[in-house]
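Please read the following note with the sequence and the model open beside it. The points are meant to be checked one by one against what is displayed.

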2 protein chains.
Amino acid sequence: MQTKIAIVGYGNLGRGVECAVKQNADIELYGVFTRREPSSLKTLTGVPVYHIDEILNHQDEIDVLILCGGSATDLPVQTPTLARFFNVVDSFDTHAKIPEHFAAVDAAANAGGRVAVISVGWDPGMFSLNRLYGEAILPKGEVYTFWGKGVSQGHSDAIRRIEGVVDARQYTIPVEAALDAVRSGAAPTLTTREKHTRECFVVAAEGADRAKIENEIKTMPNYFADYDTTVHFITQEELLRDHSGIPHGGRVIRSGKSGLSGEHTHIIEYSLKLDSNPEFTSSVLLAYARAAARMNREGMCGCKTVLDIAPAYLSPCDGAELRKRLL
Amino acid sequence: MQTKIAIVGYGNLGRGVECAVKQNADIELYGVFTRREPSSLKTLTGVPVYHIDEILNHQDEIDVLILCGGSATDLPVQTPTLARFFNVVDSFDTHAKIPEHFAAVDAAANAGGRVAVISVGWDPGMFSLNRLYGEAILPKGEVYTFWGKGVSQGHSDAIRRIEGVVDARQYTIPVEAALDAVRSGAAPTLTTREKHTRECFVVAAEGADRAKIENEIKTMPNYFADYDTTVHFITQEELLRDHSGIPHGGRVIRSGKSGLSGEHTHIIEYSLKLDSNPEFTSSVLLAYARAAARMNREGMCGCKTVLDIAPAYLSPCDGAELRKRLL
């Protein structure tokens with residue numbers, strides 16, 4: 001069964017979805033919808049571009065929309081609006097606002113008889129799944145999430161807003177000693193500072209006060225003050241040459257006990273090492289788009305998250321093949 | 001909502017389930033059913049023991065049976081027989097026979113209007129899940145399963161059948177160089193010998209020909225001939241002192257590509273490090289017993305595997321709490 005998708009919003013994530021379609025023979029890309037003037041936008045694969053205002057004219061041609069806008073302002077409006085007319089998948093990742101986003105999208109998707117899958121990606125997404133599986137299997141235990149080594153877009157942006165900074169890239173790095181302590185089964189209590197360090201590569205404007213910039217970074221509340229932070233000043237050329245990728249990753253570790261008196265320890269670790277954060281997220285979005293189309297064909301509707309979707313829905317293969325090949 | 005379970009078969013797995021119940025406040029253990037004379041069996045927690053022949057008299061008292069028999073002869077008969085009258089969960093792990101087991105159990109569970117979950121544990125089980133998630137997200141890639149370091153019961157038994165062997169314990173050990181090659185993203189083709197080694201601790205009878213035993217082990221077809229195998233002769237006391245645990249573990253690694261021309265590599269690794277293989281398997285069985293009860297209450301029936309069950313069914317918490325806490 002073919003699934004016809006369309007992309008809404010053409011940034012890193014939208015381009016990632018466009019690439020991922022090439023790796024899925026059962027998925028076809030109908031086009032890209034954008035707020036920009038369509039003729040101004042050149043896609044990687046030459047797929048058609050339409051203005052977002054025309055999207056309802058294409059309703060019958062599209063099985064699932066993949067919403068690639070941002071969580072701050074785009075998705076809180078777009079997902080509930082479009083879920084009334086289309087099956088949709090988004091990567092809404094403002095953790096604290098997921099319950100209210102879910103409620104708004106659920107109402108719209110139910111009204112329209114569509115399936116909407118929100119907060120798809122790796123965190124939230126695959127990491128959430130692993131937190132759930134871990135605590136369901138080992139209820140007496142602790143869960144730890146470590147991020148990196150990888151580029152944090154939010155922290156890089158925060159540095160760029162400092163006076164005298166031309167460009168910057170920030171890496172979040174897990175502390176090996178903390179990882180080892182968790183993997184030992186000791187179930188340690190770890191502070192923010194003990195879990196991650198932050199490394200910053202900064203291009204300063206000519207004549208800028210580097211000591212002042214470094215101090216402003218290291219003392220920035222929420223972003224850096226609670227971490228051991230290292231700052232390196234480099235040239236724009238070095239930044240482009242050595243830090244233009246968007247790698248990321250991380251791990252969810254569940255440490256739990258079993259036995260009559262908790263005498264046995266088990267460690268479950270799920271880890272990701274990603275060359276391209278947006279391309280991996282796009283790949284997850286595409287698998288859940290396939291699931292959304294199939295669930296809607298089976299008569300389901302409403303808002304779902306990765307926690308609500310049986311794994312087999314993500315695969316183009318049927319149950320008999322999956323049992324034979326993967327169990 | 002409380003779930004009342006009963007255990008069928010009281011070996012390592014049955015005892016593991018009995019212990020795991022203590023860690024799940026929403027699960028209650030009704031009793032143990034056995035083929036042995038009930039009064040001859042002493043349970044760890046003093047839970048009642050019944051003869052298996054009486055099980056149908058207890059139908060109304062039990063939400064889910066956890067079948068803890070062996071895959072060779074017990075489960076192929078027990079699971080289809082009991083799935084007609086009870087929701088059941090088993091850990092059937094003869095990979096090649098899962099399709100026919102599924103068919104037999106599906107017919108019975110549908111006829112009885114019950115939910116039967118088969119092949120629950122870690123392999124098949126959690127490893128199967130991770131193979132599915134991995135290939136659905138990164139369809140262009142390779143999957144690798146490594147086992148160990150851990151005790152293989154089947155290989156230990158095979159050594160014990162050799163003349164002159166009193167007792168034995170066999171460890172399956174993944175080859176670090178192979179793990180490193182896979183994690184590098186090189187997607188290597190690995191032979192059986194390149195992936196795992198086997199280490200054997202053997203208690204020989206007095207006067208037995210050790211060189212002959214060692215040779216018989218190392219050349220045993222299927223079990224050892226294709227591996228680099230090390231044999232250590234030790235005393236029965238040493239075996240009991242140093243090798244009486246049943247640790248195991250392993251990892252499923254998906255290595256895949258993304259990007260317009262596959263230029264980015266991603267590594268997904270799921271790993272388990274288990275102090276007690278049967279107790280961990282029991283913990284997984286219990287989570288799926290909860291799911292089976294809930295799915296049946298919602299009107300579902302038939303045979304399911306871990307691939308068919310939405311993760312949220314494994315948790316005693318409701319959707320709103322899971323979204324708030326885990327996404």
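The numbered points below go from the interface to the sheets, and then to some local details.

1. *Basis of the note.* This is a predicted model, in which local features need pLDDT of at least 70 and side-chain atom pairs count only at pLDDT 80 or more, while totals for chains, interfaces and linings use all residues. Residues are numbered from 1 along each chain as its sequence is written, chains are lettered from A and ligands numbered from 1 in the order in which they are written, and side-chain values use heavy atoms, with hydrogens and water left out.

2. *Extent of the interface.* In the model, 66 residues of chain A are in contact with 66 residues of chain B, where contact means heavy atoms within 4.5 Å. The size of an interface is often given as the accessible area lost when the parts come together. For chain A and chain B the buried area is about 6,100 Å², 62% of it on carbon and sulfur atoms; buried area is the accessible area, taken with a 1.4 Å probe, that two parts lose on being put together, summed over both.

3. In one salt bridge, Arg325(B) is joined to Glu135(A), with the closest N and O atoms 2.8 Å apart.

4. *What chain A contributes.* Elements that give two or more residues to the side of chain A that touches chain B include α3 (98-112), α4 (126-137) and β13 (264-274) of chain A; helices (H or I, at least four residues) and strands (E, at least two) are DSSP runs, numbered from the N terminus. The largest share of that side, 11 residues, comes from β13(A). By class, the side of chain A that touches chain B has 34 nonpolar, 16 polar and 16 charged residues.

5. *Strand pairing between the chains.* Which strand of chain B pairs with β13(A)? The partner is β13 (residues 264-274) of chain B, and the two run in the antiparallel sense over nine bridges, where strands pair if DSSP finds at least two bridges between them. Within this pairing, Tyr270(A) stands opposite Tyr270(B).

6. *The seven-stranded sheet.* In chain B, an open sheet of seven strands has the order β3-β2-β1-β4-β5-β6-β14, with parallel pairing. Since β3 (49-51) and β14 (302-304) of chain B stand at the edges with a single partner strand each, one side of each is left without a neighbour in the sheet. Inside the sheet, β1 (residues 3-8) and β4 (residues 64-67) of chain B pair in the parallel sense over four bridges, and Ala6(B) stands opposite Leu65(B).

7. *The four-stranded sheet.* Another open sheet of chain B has four strands in the order β8-β9-β10-β11, with mixed pairing. Here β8 (150-151) and β11 (228-233) of chain B are at the edges, each with a single partner strand, so one side of each has no neighbour in the sheet. Nine bridges join β9 (residues 165-174) to β10 (residues 196-204) of chain B, which run antiparallel, and Gln170(B) has Cys200(B) as its bridge partner.

8. In one of them the side chains of Asp26(A) and Arg290(A) meet at 2.7 Å, N to O. The pair links distant parts of the chain, 264 residues apart, with Asp26(A) in the loop between α1 and β2 of chain A and Arg290(A) in helix α10 of chain A.

9. *Backbone details to check.* Most residues other than glycine have a negative phi, and most peptide bonds are trans. A cis peptide bond joins Asp123(A) and Pro124(A), with omega about 5°, and Pro124(A) is found in the loop between β6 and α4 of chain A. Another cis peptide bond joins Gly148(B) and Lys149(B), with omega about 0°. Asn222(A) has a positive phi, near 65°, and is placed in the loop between α8 and β11 of chain A.

Definitions and conventions. A salt bridge is a side-chain nitrogen of Lys or Arg within 4 Å of a carboxyl oxygen of Asp or Glu. Ala, Val, Leu, Ile, Met, Phe, Trp, Tyr, Cys and Pro count as nonpolar, Asp, Glu, Lys and Arg as charged, and the others, Gly among them, as polar.
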